[in-house]
Amino acid sequence: MADTPNTQKHLFIHQQPPPATPSSSTQQQAPAPATTAAGKDDTVPAGMTKLPNGVILDKDGKPCRLCTSAASWRALTKQAKSTPSTTATSSTSTSTIPKSLTTTPGYTDCPPDSEALGRSTWTFLHSLTASYPAQASSEQQSEMRQFLGIFSKLYPCWVCAEDFRTWMAEPSGENQPRLGGRKEFGDWMCRAHNEVNRKLGKSEFDCRFWEERWRKGWADGRCD
């Protein structure tokens with residue numbers, strides 16, 4: 001799937017901003033600002049603050065935590081803490097964390113960033129294909145098609161949801177869900193995941209082994 005700089009699609013991209021298109025101005029990040037010799041940012045209007053790289057805005061114009069990586073969110077939080085505020089935030093300064101949540105080893109009570117959300121989502125989706133019938137009935141195929149349509153609209157990272165819908169709706173029909181049975185559905189989901197891996201610069205998974213990874217377990221017994 002060839003992409004041009006202005007039309008590149010991002011399927012479940014959790015670290016990159018949405019593609020720049022004239023019709024989706026709310027999805028854009030500000031370009032790298034020009035600076036003067038003194039380091040002053042001349043592209044940011046007076047009274048406005050430049051967001052750290054990687055921060056994606058929600059549709060209401062506020063930073064979207066579920067669309068942004070943990071590193072970018074930490075940079076945003078650090079920036080906010082270093083910026084003087086004219087409003088008191090006593091509610092946050094006096095809040096307490098339940099002791100049970102702070103003493104559980106390995107447990108985090110923080111909202112997920114885009115990467116944590118993505119990992120959890122892929123685990124769920126691949127597990128979904130692993131439990132799909134070997135031969136699906138017309139009703140089962142219809143239900144799964146409806147689920148994927150709803151999922152691609154309600155996924156919490158809205159830019160990722162849009163990209164997934166765009167990918168599935170590729171004009172040639174090549175990316176339409178393959179729902180006849182477990183084997184082809186699992187392969188389709190693996191291809192969808194590899195599309196993400198390519199765009200993130202990660203290695204691709206050999207889809208011949210998707211069942212060993214997500215359903216049967218490996219022959220060497222490591223999962224037993």
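The model is a predicted one.

Tryptophan 188, also at a relative accessible area of 0%, is buried. Phenylalanine 185 and tryptophan 188 form a stacked aromatic pair, with 6.1 Å from centre to centre and 25° between the planes. Both residues belong to helix α7, where they are three residues apart, or about one turn of the helix.

## Aromatic pairs in the structure

A pair of aromatic rings is described by two quantities, the distance of the centres and the angle of the planes. In total, the structure contains ten aromatic pairs. In one of them, the ring centres of phenylalanine 164 and tryptophan 188 are 6.3 Å apart and the planes stand at 50°, so this pair is classed as tilted. It links distant parts of the chain, since phenylalanine 164 lies in helix α6 (residues 158–168) and tryptophan 188 in helix α7 (residues 182–199), 24 residues apart.

Phenylalanine 164 has a relative accessibility of 2% and so counts as buried.

## The aromatic cluster

One aromatic cluster is formed by Phe124, Tyr132, Phe147, Phe151, Tyr155, Phe164, Trp167, Phe185 and Trp188. The residues of the stacked pair, phenylalanine 185 and tryptophan 188, are thus described both as a pair and as members of this cluster.

## A charge over a ring

Arginine 213 is placed over the face of tryptophan 214, at 3.8 Å from the ring centre.

Methods: Residues are numbered from 1 along each chain as its sequence is written. This is a predicted model: local features need pLDDT of at least 70, side-chain atom pairs count only at pLDDT 80 or more; totals for chains, interfaces and linings use all residues. Side-chain values use heavy atoms; hydrogens and water are left out. Rings of Phe, Tyr and Trp (its six-membered ring) pair if their centres lie within 6.5 Å; planes under 30 degrees apart count as stacked, over 60 as edge-to-face and the rest as tilted. Helices (H or I, at least four residues) and strands (E, at least two) are DSSP runs, numbered from the N terminus. Buried means under 20% relative accessible area, exposed over 50%, partly exposed in between (1.4 Å probe, protein chains only). A charge sits over a ring if NZ of Lys or CZ of Arg is within 6 Å of the ring centre and within 35 degrees of the ring normal.
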